[in-house]
Amino acid sequence: GKKNKISVKDFINLGIKFGLNEKQIKNTFSRLVKNQEKMIFTIEQSFLSEENKVKYIELIKERLKLFI
């Protein structure tokens, strides 16, 4: 089913399942946060409807708050 409350632990567990070590997982978090503006710009330039653009941008901001 759909999971509404995703936590940092969920992302860490995903990284572990991919065979990443703790340092690799932390570096991935850092790169995601560092590239937030690029992700938002890409969404804004996409062919998504304005409604979906807003939803994706809100989702990215919400999820990236977990890593700060």
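Visitor: OK, so buried means under 20% relative accessible area, exposed means over 50%, and partly exposed is in between (1.4 Å probe, protein chains only). Which of these is Phe 11?

Guide: Phe 11 has a relative accessible area of 25%, so it counts as partly exposed. Before we go on: this is a predicted model, where local features need pLDDT of at least 70 and side-chain atom pairs count only at pLDDT 80 or more, while totals for chains, interfaces and linings use all residues. Residues are numbered from 1 along each chain as its sequence is written, and side-chain values use heavy atoms, with hydrogens and water left out.

Visitor: Got it. How many aromatic pairs does the structure hold?

Guide: It holds two. Rings of Phe, Tyr and Trp (its six-membered ring) pair if their centres lie within 6.5 Å; planes under 30 degrees apart are stacked, over 60 edge-to-face, and the rest tilted.

Visitor: Why is the pair of Phe 11 and Phe 67 edge-to-face?

Guide: Their planes are at 75 degrees, with the ring centres 5.1 Å apart, so the pair gets that label. Phe 11 lies in helix α1 (residues 8–17) and Phe 67 in the segment after α4, so this pair ties together parts 56 residues apart in sequence. By the way, helices (H or I, at least four residues) and strands (E, at least two) are DSSP runs, numbered from the N terminus.

Visitor: And what about Phe 29 and Phe 67, what kind of pair is that?

Guide: Stacked, because the planes are at 15 degrees, with the centres 4.1 Å apart. Phe 29 lies in helix α2, so here the parts tied together are 38 residues apart in sequence. Both Phe 29 and Phe 67 are buried, with Phe 67 at 16% relative accessibility. Phe 11, Phe 29 and Phe 67 form one aromatic cluster.

Visitor: New topic. Which residues make up the largest nonpolar core?

Guide: There are eight: Ile 25, Phe 29, Ile 40, Ile 43, Ile 57, Ile 60, Leu 64 and Phe 67. A nonpolar core is a set of buried Ala, Val, Leu, Ile, Met, Phe, Trp, Tyr and Cys residues joined through side-chain atoms within 4.5 Å. Two or more residues come from each of α2 (22–34), α3 (36–44) and α4, and α4 gives the most, with three.

Visitor: Which residues of α3 are buried?

Guide: Gln 36, Ile 40 and Ile 43. They cover an arc of only 60 degrees around the axis, so they sit on the same side of α3; the arc is taken from the directions from the helix axis to the C-beta atoms. These buried residues pack against α2 and α4. The face turned away from the buried side carries the exposed residues Glu 37, Lys 38 and Thr 42.

Visitor: Is Lys 53 buried or exposed?

Guide: Lys 53 is buried, at 10% relative accessible area, and it lies in helix α4 (residues 50–64).

Visitor: What does its side chain reach?

Guide: The side chain of Lys 53 reaches the backbone oxygen of Glu 44 at 3.0 Å. Leaving aside neighbours within four places in sequence, Lys 53 is in contact (heavy atoms within 4.5 Å) with Ile 43, Glu 44, Ser 46 and Leu 48.

Visitor: Last one: where is Asn 35?

Guide: Asn 35 is in the loop between α2 and α3. A polar atom of the Asn 35 side chain lies 2.9 Å from the backbone oxygen of Arg 31.

Definitions and conventions. Polar contact = N/O pair within 3.5 Å; in protein donor to acceptor, adjacent residues only side chain to side chain.
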